[in-house]
Amino acid sequence: MYKAAIIGGGVIGAMVARRLSAYDMNIVILEKEQDVAMGQSKANSGIVHGGYDPLPGTLKAKLNIEGNKLMEQTCRELDVHFRRNGAMVVAFNDEEADGINELYERGIKNGCIGLEILNGEDVQKKEKHLSERVKTALYVPSSGVVCPYELTIEAIGNAMDNGAELLLNFEVDSIENRDGLYYIESADGRKIVSEYVINCAGLYSDKIAAMIGDNSFFITPRAGEYLLLDKEASYLTDMTIFRVPTKMGKGVLATKTVDGNILLGPTSIDREDKEDLSVTDSGLSFVKSKEAEFFDDVPLDKVITQFTGLRAHGNKGDFIINMPQKGFVNVAGIESPGLSSAPAIGVMVEEMLINDGLSARKKANYNPCRVPKKRFREYTQEEKSKLIIENPAYGRIVCRCEEVTEGEIVEAIHRQPGAVDVDGIKRRTRSGMGRCQGGFCLPPVVEILARELGVSPNEVNKKGSGSNILFGRVKGGKK
Ligand SMILES: Cc1cc2nc3c(=O)[nH]c(=O)nc-3n(C[C@H](O)[C@H](O)[C@H](O)COP(=O)(O)OP(=O)(O)OC[C@H]3O[C@@H](n4cnc5c(N)ncnc54)[C@H](O)[C@@H]3O)c2cc1C
């Protein structure tokens, strides 16, 4: 029996679990995939927005501003990279310039700090590769970048360090409320009981709410397609560059990720299927044409991959955070700025439970900090040599593009929440994230996973069942 069951191992479930793990109570995170950070939290722009965009008075506005303020400390505690690189919303004509003034006013009302309106010349001084056709821009110094899956993984790991349980491959299929307790059953027949349920199921949060009879909202998948450029193109921009937003979102942007790649996109088109992560010709052409408006020369020969993320777009025009029934909390419709708001959403849910009479005391030994993981490529030569002497696995480079060692891959498998597949290694270490996109490191990563997990290499998959990498030997006997 659990005090709280959190459905969804995305960044929102992670931040809620982290806050609740500070209390003396049993909590569990239920995730339908075989790893965490597999939904929206793995494929987004990674921007910690300043908070000038959401309409004043909305939860989006309040939580964005609070989340942005909390992000720095959260990342420090979790040993996650965060960089306040700043952002500019650029305007090319008078109509867009009016939009910039509106955003400025809105940002001030929301409490967004440091906003400035720049003329074309000042814009050029800040980002010299931007088109000279930019007339004016809103400068947002509080905007930042973070790696969304690293943040999710480390926050869940921190909750686990503090006693939270994580049940993977647990697809919540039914929830029944009996005598003030929630009886939750997974698609494969596992059962748990919990006093509180926190619905952080992203695209499926409407389906989870409907399980207790709450049909008050629905979620539409809204696709965002991206192009990712090699670090060689990192000169293009240091800040995040936006257009004036429309009702479909913030539009196509360009940003430098916290790891130094240039990210171009996203599109914003509703899809029928919540699993449709396809990348389309039309989507990528649209991204390319919009980027060509920002920059006179977009180095498209440096594209290393493309991907799609699906936003959990709710029909209420704001985040849906409520308690439709005692003990059951919806944290739904958490589209952008959900990543930016995540630390503040964790605090809000904690307060909702306390106001509901949560009977648990704070743990005396709660630790908000994670033990830093080893990042070989960031070490000095001296530190590298010392580490290799302590453990020679750090002397074997597995991913040449991102300089990832065998030692780091082994650590990623054994540090909770441990990686169990190739993409899990990629999200935790960046092995396979570089220019060759896993061309060189895939075979050794499969071998290391098989060895450390005690399974056959044929059983190692990319990201869950049906994504096997090896199917048998083509030569050399029957094994
Ligand atoms: C294209 C795009 C760009 C974005 N850019 C930004 C940005 O730059 N800045 C920003 O602040 N925000 C951005 N966002 C929004 C941000 O990504 C989300 O707000 C945030 O990731 C939401 O996290 P979540 O935990 O609610 O959802 P998710 O990460 O989707 O997590 C939900 C989890 O629930 C699990 N789940 C679903 N159903 C079940 C079930 N039945 N049983 C068990 N588990 C289940 C899923 O597998 C998933 O892991 C963007 C989103 C997208 C898609």
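Two residues are said to be in contact if their C-beta atoms, placed from the backbone, lie within 7 Å. The structure shown here is a predicted model, in which local features need pLDDT of at least 70 and side-chain atom pairs count only at pLDDT 80 or more, while totals for chains, interfaces and linings use all residues. Residues are numbered from 1 along each chain as its sequence is written.

**Domains**

- The chain is divided into domain 1 (2-41 + 149-218 + 316-355), domain 2 (82-146 + 222-311) and domain 3 (376-459), with bounds that come from an automatic or database domain assignment.
- Between domain 1 and domain 3, the centres, taken over C-alpha atoms, are separated by 30 Å, and 10 residues of domain 1 are in contact with 8 residues of domain 3.
- On the side of domain 1 that touches domain 3, the largest share, 5 residues, comes from helix α5 (residues 148-161); helices (H or I, at least four residues) and strands (E, at least two) are DSSP runs, numbered from the N terminus.
- That side of domain 1 has 7 nonpolar, 2 polar and 1 charged residues, where Ala, Val, Leu, Ile, Met, Phe, Trp, Tyr, Cys and Pro count as nonpolar, Asp, Glu, Lys and Arg as charged, and the others, Gly among them, as polar.

**The shell around the ligand**

- The ligand is surrounded by 41 residues, of which the closest are Gly-10, Gly-39, Gly-202, Gly-224 and Gly-338; a residue is near a molecule if its C-beta atom, placed from the backbone, lies within 6 Å of it.
- Two or more residues of this shell are given by each of the elements α1 (11-20), β18 (303-314) and α8 (338-355).
- Domain 1 and domain 2 each supply at least three residues to the shell, which by class has 18 nonpolar, 17 polar and 6 charged residues.

**Helix packing around α10**

- Helix α10 (residues 406-414) packs against helix α12 (residues 442-453) at an angle of about 45°, with the axes 10 Å apart; axes are lines fitted to C-alpha atoms, for helices over the stretch in contact, and angles run from 0 to 180 degrees between N-to-C directions.
- That angle makes α10 oblique to α12, since angles under 35 degrees count as roughly parallel, over 145 as roughly antiparallel, 65 to 115 as roughly perpendicular and the rest as oblique.
- In α10, Glu-406, Ile-409, Val-410 and Ile-413 meet Val-445, Ile-448, Leu-449, Glu-452 and Leu-453 in α12, a contact with 7 nonpolar, no polar and 2 charged residues.
- α10 also packs against helix α11 (residues 422-429), at an angle of about 110°, and the two helices are therefore roughly perpendicular to each other.
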